[in-house]
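Please examine the protein assembly shown below. How are its chains arranged into parts, and how do those parts touch?

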Amino acid sequence: MITGSFEYHQPGTVPDAIALLSKLGDDARVIAGGHSLIPTMKLRLAMPEHLIDLQACQELKKISVSGGEVCIGAMTTQAELIASEELHQAAPIVRETSLQIADPQVRYMGTLGGNVANGDPGNDMPALMQCLDATFVLSGPDGERTVLAREFYEAAYFTARDDLEILTEARFPVCAGGYSYEKQKRKIGDYATAAAAVLLSKGGDGGCETASIALTNLADTPIYCQQASEHLVQNGVSDASIADAVTSAMGQIDPVDDNRGPAEFKRHAAAIILQRAIQQAWSRA
Amino acid sequence: MSATAESVQERRAALKGLGTSRKRVEDARFTQGKGNYVDDIKLPDMLFGDFVRSQHAHARVKSIDTSAAIELPGVIAVLTAKDLEPLSLHWMPTLAGDKQMVLADGKVLFQGQEVAFVVAEDRYIAADAVDLVKVEYEELPVLVDPFKAELPDAPILREDIADEKEGAHGARRHPNHIFTWEQGDKAGTEAVIGEADVVAEEMVYYHRTHPCPMETCGSVASMDKVNGKLTLWGTFQAPHVVRTVASLLSGIAEHNIRVVSPDIGGGFGNKVGVYPGYVCSIVASIVTGQPVKWVEDRMENLSATAFARDYWMQGKIAATKEGKILGLWCHTTADHGAFDACADPTKYPAGFMSICTGSYDIPTAYLAVDGIYTNKAPGGVAYRCSFRVTEAAYFIERMIEVLAIKLNMDAAELRAKNFIRKDQFPYQSALGWEYDSGDYHTAWDKALDAVGYKQLRAEQAQQVEDFKAGKTRKLMGVGLCHFTEIVGAGPVKNCDILGMGMFDSCEIRIHPTGSALARLGTISQGQGHATTFAQILASEIGISADDITIEEGDTDTAPYGLGTYGSRSTPVAGAATAMAGRKIRAKAQMIAAYLLEVHDNDLEWEVDRFVVKGAPERFKTMKEIAYASYNQAIPGVEPGLEAVSYYDPPNMTYPFGAYICVMDIDVDTGEAGVRQFYALDDCGTRINPMIIEGQVHGGLTEALAIAMGQEIAYDELGNVKTGTLMDFFIPTSWETPNYQTDYTETPSPHHPIGAKGVGESPNVGGVPAFSNAVNDAFRAFGLTHTHMPHDHWRIWQTANKLGLHN
Amino acid sequence: MSKQTISLNVNGKSVTAKAEPRELLIHVLREQLEITGPHIGCETSHCGACTVEIDGMSVKSCTLFAVQAQGKEITTIEGLGDPDKLHVLQEKFKEHHGLQCGYCTPGMITRAHRLLKENPSPTEEDVRFGIAGNLCRCTGYQNIVKSVMAAAEELNNKEATT
């Protein structure tokens, strides 16, 4: 398992990285933590001629919380997401999710940006970002623009990011209330058989004030379940409303047969996982 | 000479002999990263080899164009079958009497098959060159289902032997059929089944999996053209056999070949076979005159070297209505892949599958095994078990459960009712084995008591009620297993590998200052031989284990042995060690008698010395005797103190054990968790309890993997679906439970120290215990049997078919 | 692709290697620097046999190009303890039979070393979760967990008495 040859670049700033990317075009790939890209290159399913390593771009390594908004730099690792108390206070679901990604070594290297930007339906962060209603910041030759996580994913490995753009950060509102990231997997290190991210907040009347649900690895993109979320807000959280919300969410999924099991099984497991995630989030709300 | 103040007990403890949990001498090295594995070997001018492999499971090779690869700077050679043919090395014999392509000769028969061998200055260039070799294939229909192998439209896989009606193991009835092997009394068994009160039937599939040691297979060949000597380092569980095979294949005289097994990063059967990589590294070194290293990557390991199992076992078991078993019938369809490369003793094409009567007194039995070719990788190795014993144990332990269901009887009680009784040993089994010793009822009762079996059943019944009442979505399974292993192959009269009798050996040198060196024909792959064999010897010759060096693995120095697999090291080489030690002691006795001026018979052995009977103050320690053997002229006794023993075991040994697993199953997600696992092992005399416990933990974890998800799966086109550690299940520390270990001790009557071997028992017994727990969880809902591996989706499917999701 | 010079600090020593950008750190360590403690087990970042420590992180060195480690501080199993004085983890692995074939051991101990730095008093669950990126085929982990727990205890006792 040996990669093809390539030239290595380590720009010190994002503008330098974008300039390189513009210059090298299709022959270049950006590398963040590398734990998806390097194995792909070893199988020679990707053979870029240039690798642009973002590790020296210090401005991409940050976690800040201010004015009710969380802002995370793309090169922030999962280990850093887990370790940040500030982030845990602002959005505890991030730590809960990050701890279920891969294994300790991979979490030291794996980054938020890499996880959300490559469009692998197996990654956990995309659904999390949709659940958090995050906004992604993309920097390119023509400057910066933002795209909602809920509108970012087009198909497996296809996103709204232009080839010459770099995803630099994710921003999302501080989330009060209950949360849950439930993930069924075959073992530590595995992608989800089915996973669900849920945020719920309770109103003064005991009703459901806000709800947000997103699913991982149950279609070729993450799935934000708007209707299911709205259903909980409108009807409150009860066994019956959870069942309806789950039914609604299941209408959106399109799992495929693979080593984790046939689609029929995944549909059933996904419903159970989502139901549990809603219950847990509500119990914490 | 004054009597030492030390007591007998103190002196015995100082030996660190049998029964001591001696810390391992290997560990200082390994914990500091100073192990020496094959890929650590670095020689001047060493080249790297890498394979071009087939993407297709079945295809004709129309052409191979190596020109672009050869032109790549740094590429030294590209070998194809055409290059090997003049040396008659394009095919090689397998351990099972078949032959196997070293490099594709006209066609490929499985995905991952070796097509060409690139030799380059480093592994990076070699990998680039592999991509530059252009192979033109014509795809052929693929056969992956052994039950379709003999249908009229089945593709013929092995055109090279399509017309041969006779194979290495008798008649072949179809070009895709390898052998039929029959044991026992067919007519008698069928008659019993025809007349019995109760007959339970089931198809029990033991899926295809892989030993997957942490270190993959590899070799470094170095042909010294000046001296005409070939040195071959490699991941070999049987280095001497490799030397003999290398000599027969290459024509290099055996004394000019040195085979070295350095440290081995786990074997579990994967490293018994001879692989094309070994052969190609040798040829490449001969061709280039430079050392050549070949190390496979994990995908190559999983898809091309040595699978295990893939047995479809159709069973019938007959009993009285009271539950006394009368007969057992089994027909196995064995999927051997593209070449019959099973690692079994020559006369046993299905290994010791005939141990499938298990721990039970079954008066009549019949076994037939049909070997079949398919478009899958060759192999069929004993993955942490003696040859096909885990298949046999799984089969009988599932059939017992199926019978218990049919009889509506408790499965623990059914077992106890049919165990071979203590007074029946040595016991002749219906399929021809002589079980050496056992006390199954004692072990079983101890196990049931330890887990509180009756309470577990009560709890389980309550949980079923709760489930039916909608109070829980979890079920509980109690997995029982009482297994009997057959290990320590084996008596030379009926066990050989490529004609080499399956004895083993030990050579001992006692140094003048009273320390010792012992060399064996086996090779440790983590079992701790350097620690335990020294313990055997310490107890035999009275020299502290700390003063004994154990060496293995270098054919230039070690005596000829058949290697380490099938739990044979302790039963065979361990016996050789004890016997060689006894030769040392016998000579020491003569020397002591001379020194003490008494008759040999006036001496008795006491821990570490010979003492004059009735005069305890008069003695000679082994240390004193060792020195004397080198500096005294003793009439009629040769100088020095050395001995060698080649041990031909009179029988196999039959370790056994009682395992109980309690499992919790989530009916909705199919997730299963082990709540408790109790393992009682009886491996006869216990040499090092710490190491035994470690072996049991490891074997159980491999069993957990196999039972709960580990498989080599193919799609209908013969593509390997589980080729990396993402999909090939190896549990992490998180999925692995803590195990509770226990023991009874029933020595083997024919082994010099009574030891039976233990390394493979936990895998043999563990797989049925885990699988039975899953099956048992659903017994109350009408399940008779469901196939492994019990991964989430298959468990869910089982529950779904039983209507538990409605 | 031409080779470039890479400077690293490995086990406290400054070293240089010449490597193509695509050369993996594990290959440079093992083949150029002759640090053969870390092993190659799966090449897809699943097994952890190649684990080393880089700037205070446990890293699978089969999934990092050596050039990416330019200028960094790397600790391998060879940098923990020495023959005259084993590291407590090395001693405890021996004492509690936390290894068999030894192939996963360097990566396992290197990982456990970082784990105890970050969590000096782990529960059994913490240890099991913290070493879940390192596969072992021989031990069933039970004695590895025991070894790590024992090492933590001893390190804490030493801390308390100094």
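This is a predicted model: local features need pLDDT of at least 70, side-chain atom pairs count only at pLDDT 80 or more; totals for chains, interfaces and linings use all residues.

Residues are numbered from 1 along each chain as its sequence is written, while chains are lettered from A and ligands numbered from 1 in the order in which they are written.

Me: How far apart do the C-alpha centres of domain 1 and domain 2 of chain A lie?
Reply: Chain A is divided into domain 1 (7-53), domain 2 (58-173) and domain 3 (178-284). Such bounds come from an automatic or database domain assignment. Between the C-alpha centres of domain 1 of chain A and domain 2 of chain A the distance is 19 Å.

Me: Which helix of chain A gives the most to the side of domain 1 that touches domain 2?
Reply: Twelve residues of domain 1 of chain A are in contact with 20 residues of domain 2 of chain A; contact requires that the C-beta atoms of two residues, placed from the backbone, lie within 7 Å. Helices (H or I, at least four residues) and strands (E, at least two) are DSSP runs, numbered from the N terminus. With five residues, the element that gives the most to this side of domain 1 is helix 1 (residues 14-24) of chain A.

Me: How many charged residues are on the side of domain 2 of chain B that touches domain 3 of chain B?
Reply: In this pairing, 19 residues of domain 2 of chain B are in contact with 25 residues of domain 3 of chain B. Ala, Val, Leu, Ile, Met, Phe, Trp, Tyr, Cys and Pro count as nonpolar, Asp, Glu, Lys and Arg as charged, and the others, Gly among them, as polar. On the domain 2 side there are nine nonpolar and eight polar residues, and the charged residues number two.

Me: Which strand gives the most to the side of domain 1 of chain C that touches domain 2 of chain C?
Reply: Chain C has domain 1 (4-79) and domain 2 (88-161). In contact are 14 residues of domain 1 of chain C and eleven residues of domain 2 of chain C. Giving three residues, the leading element on the domain 1 side is strand 3 (residues 51-54) of chain C.

Me: How many nonpolar residues does the side of chain C that touches chain B have?
Reply: The contact takes 48 residues from chain C and 44 residues from chain B. On the chain C side, 17 residues are polar and nine are charged, while the nonpolar residues number 22.
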